[in-house]
Amino acid sequence: MSTRAPAVQARQLVKTYPGDVTALSGLDITVEPGTVFGLLGPNGAGKSTTVKILTTLARPDSGTATVAGHDVLRHADRVRRAIGVVAQKSGADPVATGRENLQLQGRLYGLRGADLNRRVTELLDRFRLSDAAGRQVKGYSGGMQRRLDVALGLVHRPEVLFLDEPTTGLDPEARTAMWDEITRLAGDEGLSILLTTHYLEEADRLADRIAVVDRGHVVVEGTPDGLKGELRGDAVHLELRAPVQDAGRTLLEGALAALPGVRETQFDGRRVSVRADDGAAAVPALLGALERAGVAVTAATVARPSLDDVYLRYAGRRYSEAQAATGDESAADALAPAGGAR
Amino acid sequence: MSTAIPQTWYMTQRQLMVFLRQPAYLLITLIQPVVWLFLFGNLFKKVVELGGFGTTTYLDYLIPGVVVMSALSSNMWAGMATLDEIQRGTLNRFLTTPVSRGALMNGNVVSNGLVTALQSVVIVLLGLLGGAELPGGAGGVLILVVAAVLLGTVFGALSNALGMLVRERESIIGINTFLLLPLTFLSSAFMAPSQMPSWMRHMADFNPLNWAMVAGRSAMSGHPDPSDVLTRGGALLVLAVAAVWLSTRTFRSYQRSV
């Protein structure tokens, strides 16, 4: 690693909104320069609040944060010069053309004349918007708008780029295109990226390091492979015909955990998640034990551990469940891309 | 601070573009004044015979009233545009850039002022086409336009403050609908003060809309009364400064609530 200051360093951030809504309850993160850092969590976990504090929009109740070496509270202006922000909401001017949006954004950072025009043309090319440059943004497709948003965030060549749920609301094709775009950005000399997402697959694919956020703080942090690797062995998912009652559950958990090669079991309504050294070998034993206990199994799958398993392990609940708790109807959608066997 | 002025101009340009790229909107803003000047004006043109209007034709009397009323009705919707910008994320996008916070607010004030000035001049020109005389000349028109811009600034800033505070379109629509007609009828827009019931006349004295009309009408008459212009104009200026200050305060509280 380099000796440069961390791109982002947040210590013990706390933020409470009126009505005693705790958004952050002591969040710590460090983003090394030149890396992509993924903040992963369901809606309402505190990702957006973190981004708002780090981009000088909101003030924490307590805690400290520096971005590109500048304190977000004492030197907000220096932070603003060093960062590019792609927020969840587009924010582009719908009546202005793509080119005009970029020109205005550049002027706000002090770019002028030929320098400005060169930079704008360069970004339009890079984000495949040259043909649409003279058209009003209100006629852009979702994917084009999102690409323009990213271009807006890059106009002044920031040191740190914030991408707040960059692919939410995009169709699968546009999402894949955006992923390629972000991957290319990550290769840019020295650019550090803080990415928030509630798509497990997105974090897995784009981030060098991931912090899983739940209820306002980081529950676990590491590289995607490291996190999955910590869950040694395979994940066996069993689906039961009916949920097991509390009393029987403890007994059953004990019985399953005692089976050879089984490391951990977690009951979650009709679903049982088991970690086993060799998933395929453990299935017959698991089914046998459940049958003896009179519990009917409707499906069994074996998979390499996914980030969903990581989430379940550290946040103590399923990712989809956490999403549902926030009333977010896209929960199933969020889980879907990560559901496939690895 | 040296960058605040060009930045204010960029923000102003941006807002003006919204206005100019929606030709339908431009046209609609002119339909109302035409209705007031020519339909209403012709319908009631005999009222000048009652006396106390200080003009020879009703159209001459009506022009300042319609200019000021139009300034009110176009500026009182400023909060809707601000609300759009908040909901679209545009305001937050600007707040994460080093743009001067003052420029964001001032861009609104300046662009609304320019639009109001343009609208006022067009209404006066329409009046001239309709045969108005305007004994006060260009100087009188200028004072009327300034008074209309100040009044527009008062209500534009208040509307912006309301938009940032309540963040609901319905509240702005409700308040505007509630205010527009009473404020207009409790003023000398359509009727000479001497012909108004005395309680209405007294209430009109406290109506900023009426201040702008009195100042403009006096300046546009053949024999302007400098004290009318200065007292009413001064009061409008004070009110405009207070309203902009209030909306800047609200803007700060919006930033804290993000």
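Reader: Hi! How many residues of chain B are in contact with chain A?

Author: Hello! 17 residues of chain B are in contact with 21 residues of chain A. Two residues are in contact if their C-beta atoms, placed from the backbone, lie within 7 Å. This is a predicted model, where local features need pLDDT of at least 70, side-chain atom pairs count only at pLDDT 80 or more, and totals for chains, interfaces and linings use all residues. Residues are numbered from 1 along each chain as its sequence is written, while chains are lettered from A and ligands numbered from 1 in the order in which they are written.

Reader: Thanks! Which elements of chain B give two or more residues to that side?

Author: Those are α1 (4-20) and α5 (90-95) of chain B, and α1(B) has the largest share with five residues. Helices (H or I, at least four residues) and strands (E, at least two) are DSSP runs, numbered from the N terminus.

Reader: And what is that side made of, by class?

Author: On the side of chain B that touches chain A there are seven nonpolar, six polar and four charged residues. Ala, Val, Leu, Ile, Met, Phe, Trp, Tyr, Cys and Pro count as nonpolar, Asp, Glu, Lys and Arg as charged, and the others, Gly among them, as polar.

Reader: Let's switch to chain A. What are the domains there?

Author: The assignment gives domain 1 (8-227) and domain 2 (231-337), with bounds from an automatic or database domain assignment. Their centres, taken over C-alpha atoms, are 35 Å apart. The contact takes 15 residues from domain 1 of chain A and 14 residues from domain 2 of chain A.

Reader: Nice. Which elements of domain 1 give two or more residues to the side touching domain 2?

Author: They are α7 (200-206), β9 (209-214), β10 (217-222) and α8 (224-230) of chain A. α7(A) gives the most, with four residues.

Reader: Which strands does it pair with?

Author: β9(A) pairs with β3 (residues 36-40) of chain A in the parallel sense over four bridges, and A:Gly38 stands opposite A:Ile210 there. Five bridges join β9(A) to β10(A), which run antiparallel, with A:Val212 and A:Val220 as bridge partners. Two strands pair if DSSP finds at least two bridges between them. β9(A) and β10(A) form a hairpin with two residues between them, and A:Arg215 in the turn has a positive phi of about 50°.

Reader: What about the whole sheet, in what order do the strands come?

Author: Six strands of chain A form an open, mixed sheet in the order β6-β7-β8-β3-β9-β10. β6 (83-86) and β10 of chain A are at the edges with a single partner strand each, so one side of each is left without a neighbour in the sheet.

Reader: Last one: which strands does helix α1 of chain A lie across?

Author: Helix α1 (residues 47-54) of chain A lies across β3, β7 (160-164), β8 and β9 of chain A, at about 150° to β7(A). Helix α11 (residues 307-315) of chain A touches β9 and β10 of chain A, and makes about 50° with β9(A). Axes are lines fitted to C-alpha atoms, for helices over the stretch in contact, and angles run from 0 to 180 degrees between N-to-C directions.
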